[in-house]
Amino acid sequence: MPDMPDQKPGQAPPQDPRLPLTGLRVVELGHYIAAPFATRLLADLGAEVIKVEPPGGDPHRDWGARVNGHAVWFSIHGRNKLSVTLDLKTEEGRGRLRALLARADALVENLRPGAIERMGLSPEALHAGNPRLVIARVSGYGQDGPYRDKPAFGAIGEAMGGLRHLTANPGQTGLPPPRCGVSISDDLAGMYAALSLVSACWGRDRNPDGKGTVIDLDLVSSVFSLMEGMLPEFAMLGRVRQPMGAALPSAAPTNTYPCADGKWLAVAGNSDLIFRRLMARIGREDLADDPRMASNSGRCANAAELDEAIAAWTRTLPAREAQDALEAVEVPCSRLYDMQDCVEDPHFQARDMVLPVEDPLIGTVPHPAAPFRFQGVPPAAMVRWPGPAVGAHNDYVFGSLLKQEDTP
């Protein structure tokens, strides 16, 4: 269990010099998901993230299940961050924010385009006070273009970026294509924001006279960037990829198959050698020897026949037994896990993918470990404290940190 520090008012939170971004100061002017997810990644990596919230707190604190009146998600969403409150409708609040940004390496914000300009905090104004500041701006459609001022949330990024079109089941028109169950476009934009911010800081710091820059990220572009070969397929061949359900048009056999216990098994048997092992295991050596199936392109052309053969075999076994049988011959496969399966799986446990964290607001709460591992740094070391109470670090940031740095 991570050792949560006792953070007293005015006391500096602990840093871990083993983490690669220790010493990088990032101010978050974010709400909901995209910008806060970017800064969560940066904070997990050791950055000092100062989350600026309105006096009532980030509205995301009210999302999802609650314990003791606090959203359990925020324990994760706000972890490793310092929370300060500022009323940016007042000149005093804006002045304190400018003072913070004058001493920061980077700003991450996901307000509507033009919002920080209306507060007198345009990139030009911020760079006048701190020429080395890297500013990452995350929005629905970007900082320019005809849709710049339209509102957007994650679902819009999925829809316009091309992803939601692909999540439909072929031939099903009575129900809308489902979303994946998490805010994937916000998370993607957050990942890109974290990556580009660190890249910009690296480029700046390689030069003693390096200057900050402005990064423009949006939800739609983040999803659109994942569309693999679909753009050249359309532009050069006139093909518009259509929904394939659980299959992929470019690889076969790869699909999700029904099992005897009503569960599902995902199987990826699309390389030539794995395909032959798969066919041998299900008793269909005839398909392995069929000239039509000798290459991936041939298997794609006959994917329906292969899927029917594999499903006929999986329907005879419970999902766990089918998985064991295929793994015994090194065919990539997995049952479709729910959260209980994840928590109870020995691999998750062995790699400390679920970390019990003491949260003073809600008690012991499991956190997902950071997905990156660094040599000599145990996963628990990357969760230094859970999402704090609103304004928990006002005394430290405004009463200690800024005054210390103003001292000659």
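At a relative accessibility of 32%, W63 counts as partly exposed, a class lying between buried (under 20% relative accessible area) and exposed (over 50%), computed with a 1.4 Å probe on protein chains only. The model is predicted, so local features need pLDDT of at least 70 and side-chain atom pairs count only at pLDDT 80 or more, while totals for chains, interfaces and linings use all residues. Residues are numbered from 1 along each chain as its sequence is written, and side-chain values use heavy atoms, with hydrogens and water left out.

W73 is likewise partly exposed, with a relative accessible area of 34%. The structure holds six aromatic pairs, where rings of Phe, Tyr and Trp (its six-membered ring) pair if their centres lie within 6.5 Å; planes under 30 degrees apart count as stacked, over 60 as edge-to-face and the rest as tilted. The rings of W63 and W73 have centres 6.3 Å apart and planes at 50°, so this pair is tilted. It links distant parts of the chain, with W63 in the loop between strand 2 and strand 3 (66-67) and W73 in helix 2 (residues 72-77). Helices (H or I, at least four residues) and strands (E, at least two) are DSSP runs, numbered from the N terminus. The two tryptophans are ten residues apart in sequence, and their C-alpha atoms lie 7.5 Å apart in space. Beyond its neighbours within four places in sequence, W73 is in contact (heavy atoms within 4.5 Å) with I33, H60 and W63. Ring pairs join Y32, W63, W73 and F153 into a cluster.

The protein is divided into domain 1 (5-226 + 347-404) and domain 2 (254-258 + 264-335), with bounds that come from an automatic or database domain assignment. Taken over C-alpha atoms, the centres of the two domains are separated by 42 Å.

An open sheet of six strands has the order 5-2-1-6-7-8, with parallel pairing; two strands pair if DSSP finds at least two bridges between them. Strand 5 (81-85) and strand 8 (214-218) stand at the edges, each with a single partner strand, so one side of each has no neighbour in the sheet. Direction ignored, neighbouring strands are turned by 20° against each other on average. Strand 7 (residues 134-139) runs parallel to strand 8 and is joined to it by five bridges, and S139 stands opposite D218 in strand 8.

| Helix | Strands touched | Angle between directions |
|---|---|---|
| Helix 3 (residues 91-101) | strand 1 (25-29), strand 2 (48-53), strand 6 (106-109) | about 150° with strand 1 |
| Helix 8 (residues 184-205) | strand 6, strand 7, strand 8 | about 165° with strand 8 |

Helix 1 (residues 34-44) is mostly covered, eleven of its eleven residues being buried; among them are F37, R40 and D44. G46, which follows helix 1, has a positive phi near 110°.

A search of the whole structure finds zero disulfides, defined as pairs of cysteine sulfur atoms within 2.5 Å. C333 is in no disulfide, the nearest cysteine sulfur, that of C259, being 9.5 Å away. C333 is buried, with a relative accessible area of 14%, and C201 is also buried, with a value of 4%.

How values were computed. Axes fitted to C-alpha atoms, helices over the stretch in contact; angles between N-to-C directions.
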